[in-house]
Amino acid sequence: MQTIRHFVVENFLFGQGGDRLGDRDSFLEKGIIDSTGVLELVTFLEKQFQIKILDEELVPDNLDSLEKLAQFVAAKQAEKRAAAEPAILAKM
Amino acid sequence: MQLESFLEHSAARHADKIALVCGDRRLTYGAIDNSCNQLAHALIAARVERGDRVVIFLDNSVEAVRAVFAILKAGAVFVPVNPTTKPDKLAFLLNNCRAKALIAPAAKAAQLEPLWPLTPDLKSIFWVGDAPAVPVGNGKSSQRFGAEGLPSTPPANKCINIDLAALIYTSGSTGQPKGVMLTHLNMVSAATSITTYLENQPDDIVLNVLPLAFDYGLYQVLMAFQFGGTVVLERSFTYPHAVLATAVRERVTGLPLVPTLVAMLLQMDLSRYDWSALRYITSTAAALPTEHLLRFQAHFPQTRIYSMYGLTECKRVSYLPPDQLQRRPQSIGRGMPNEEVYIVDEQHRRVGPGVVGELVVRGANVMKGYWELPNETAQRLKPGPLPGEMALYTGDLFRMDDEGYLYFVGRKDDMLKSRGEKVSPREVENVLCGHPSVAEAVVLGVPDPILGQAIKGLVVLKQDRPATVKDLKYHCSQHLEDFMVPQLIEFRAGLPRSANGKVDKQALLAGMANQREGGFSNPPVTGGLENPPSKDPVEQPA
C-alpha cells in the first residue's frame, strides 16, 4: 500500500497533502485522478508489481482508492502465482 | 423562442419519457420540468432577478442540469464554471460577472469560505448536498438547492429571445478569462443548426462525458431536450470501460468525443462491445489526426463520424459530412445550416480558394460580445455586410478548396489546445511567475499523441531560490484547472530573446523540435494537414 500511496501522492498531488488522503478516499470524488491519470497509474502498477491489467479491470471498484488499489494488486499477484503453479507441478 | 422552452415543449409532448439518465437515476421530462419550476421559484425567492448572473459550479449531475433550466426559468443568466476551477479564479469569475448567486457542492463549503468577504455582489449560495452548518455571513444567504414546498407551476416568462441566456467563460491570450455573452436566440439557433445536420430524432440517446461547463458538453443536454431524446450523463471518462459498458447497456445512438478520447479509445479493445445501436460519433475541440480518424472509422464501420470545428464565440462553425470523410479527411467541412463562413485577408477582403486567411462567421449563432470587455470584443466582432450586423473574426487561419471545404492552417494567436481544452500560455506563465522561486517562465505546446498538445513550461529560477519540478506543478495545481497544469517543466539558465526583447518562442520551439518530445510512451502519431504552409512543429490544428 505504501508504494502505491507514494506514487499517487507524488504524481497526482505533486507531493503535497498526502496526510489528508485517506486510504478509503474516492479518487473520483476528490477529483484526484482523471482519464489521462488512470493511464499513468496503470502503467505504474503493471511495471511495479509485474502484473497485467486487462481493459475491463479499469473500473472504480478496482482503482478508485488506495485501499481498493492495494486489494486489486494483491488479487492480481495471487492470480499470477496460482497460474504459475501447474508449471511447477508438471516439472515434477 | 426561449432556451428553456426546449424542456417545456418536450415535457408537454412526452412528460413520461426518460430525459436524463445519470448513474442509477432516471428522470422523465415531466419530473425535470416540475423540479426546475420549483427551483426557479427558489431562486426568485432569494431575489434572483431578470438578467442576474448565477454561477453553476457543479460536476456533471442531475443538479447541474436542473440548475441550467431553473436559472433560465427565473429569467436569469447561467454561468457554468468548470468544477476544477480553484478558489482564486472562482472569486475572479464571480466578481467579473457580479454574480448574484452561486450553486456549489456542499463538500466544497470549507474550501470556498475565504471567498465570502471577497465577493460583495454575491448574495446567495445554494448548496447541493446537505447545507453546511458553518454560516456564510458577509451579507449572504446560504441554503440548500432544493425544491421543497415550492410551486411546480412555471414562473412568469420575463425575457425575450435577444436577452442573455448564458455567459460562458473562455481563456484568452492575455491570460484573463473572457465571458462570452450568448442570447436565447444565439443558443436556440446554434442548437437547431446542429441537430439538423446530425439528423437527430426523438429516439436518439446521447452519451455525454464532457463537462457541462464546456459548451460542447452543455449542448448535448440542450439539444437532446430540444429534439426530445435522452441524455446519459457521465461525470467523466476516468474509467473508460465503465463508461463504454454504460453506453452499450443504454443502447446509446450518439457519442460526442474530443480527439484525446478518440486516441484513448484507439488503445482499448473495442471489439468486445456491441456497437450496433451507435448511429453517430462527433469530434471537435481540437484537430483529429487523420490517421486516428480513419482507424476509428474502421472500428465503427456502421457509424457516421462527424469531424467538426467551432469556438465558444459562435458555438459551432462547420462539420464534415460523413460521406466526405474518405475523400477529404483533413477537412473540417463546410459551414453548418443557417450560417455563412468565408475567409478574409489582412484587409478583411474575401479571398478565393487556396488562399490562407482568417475565417469569418456570420449567423444568428454569433455571440453578442465579451462581457464588459469592449476592446477585446472589437477585435473579434466587426461589422458584417448588413447595417448593425456583427460578424465573428475567429482568429483561426484556414484555406478553402474549390468546393468550399475548409482546412485548418493555424491560430493567429498562440493559444494552445490540450485535451480539447483551450489553454492560455500567458495564464499559465502568470501562475508560474507567481511562485516565489521563479524569475521567468515561458509556456509552449508540444505535440502529444493523446493530449493533442502537452503543456510545457520553461522556467528560469531566481538565484538562491531552489525549487523542484514537483514544487512548481503543485503550485500550478493550486491555481489552475487540471487541464492547464503543465505536464512538462524544464529549468533553463536563461531564455532567448528576439529583437524586440520578448522571449523568442520560435527559437525555443525550433530547438525542441530537434529532440524527441511527448508526454506518453507512445511515439507521436503522424497525420494532420496536407501541405501545411508552415514548418512550425507546434502549430497543431486546434
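Predicted model: local features only at pLDDT ≥ 70, side-chain atom pairs only at ≥ 80, totals over all residues.
Residues are numbered from 1 along each chain as its sequence is written, while chains are lettered from A and ligands numbered from 1 in the order in which they are written.

Let's begin with confidence. pLDDT is the predictor's confidence in each residue, on a scale from 0 to 100. Chain B has a mean pLDDT of 91, with 95% of its residues at 70 or more. Residues 516-542 of chain B are another story: pLDDT stays under 50 there. For that stretch the model has 60 contacts beyond four places in sequence, where a contact means that the C-beta atoms of two residues, placed from the backbone, lie within 7 Å. For the complex, the predictor gives an ipTM of 0.73 and a pTM of 0.87.

Now for chain A. Chain A has 5 helices and 0 strands; helices (H or I, at least four residues) and strands (E, at least two) are DSSP runs, numbered from the N terminus. Its C-alpha atoms fill a box of roughly 50 × 25 × 20 Å along the principal axes. Of the 92 residues in chain A, 17% count as buried. Buried here means 20 or more other C-beta atoms within 10 Å of the residue's own, exposed means 12 or fewer, and partly exposed is in between, with C-beta atoms placed from the backbone. Among contacts in chain A with a separation of 6 or more, 56% come from residues 24 or more positions apart.

Where do the two chains meet? On the chain B side, 17 residues are in contact with 15 residues of chain A. Helices α8 (240-249) and α13 (469-477) of chain B each supply at least two residues of that side, and α13(B) gives the largest share, 4 residues. By class, the side of chain B that touches chain A has 8 nonpolar, 5 polar and 4 charged residues. In this scheme Ala, Val, Leu, Ile, Met, Phe, Trp, Tyr, Cys and Pro are nonpolar, Asp, Glu, Lys and Arg are charged, and the others, Gly among them, are polar.

Chain B itself is assigned domain 1 (29-184), domain 2 (237-411) and domain 3 (416-513), with bounds that come from an automatic or database domain assignment. The centres of domains 1 and 3 of chain B, taken over C-alpha atoms, are 33 Å apart. Even so, 11 residues of domain 1 of chain B are in contact with 11 residues of domain 3 of chain B. On the domain 1 side of that contact there are no nonpolar residues, 9 polar and 2 charged.

Next, the packing inside. A nonpolar core is a set of buried Ala, Val, Leu, Ile, Met, Phe, Trp, Tyr and Cys residues joined through C-beta atoms within 7 Å. The largest one has 161 residues, and those with the most contacts inside it are B:Leu43, B:Val54, B:Ile56, B:Val79 and B:Ile103. Helix α7 (residues 215-227) of chain B contributes the largest share, 9 residues. A second, separate core of 11 residues includes A:Phe27, A:Leu41, A:Leu63 and A:Phe72.

β17(B) runs antiparallel to strand β18 (residues 357-363) of chain B, joined by 6 bridges; two strands pair if DSSP finds at least two bridges between them. B:Tyr342 stands opposite B:Val360 in β18(B).

B:Arg47 is not a glycine but has a positive phi of about 70°, and sits in the loop between α2 (29-45) and β3 (53-56) of chain B. B:Arg47 counts as exposed because 12 C-beta neighbours lie inside 10 Å. B:Lys315, also a residue other than glycine, has a positive phi near 70° and is found in the loop between β14 (304-309) and β15 (318-320) of chain B. B:Lys315 counts as buried because 28 C-beta neighbours lie inside 10 Å.
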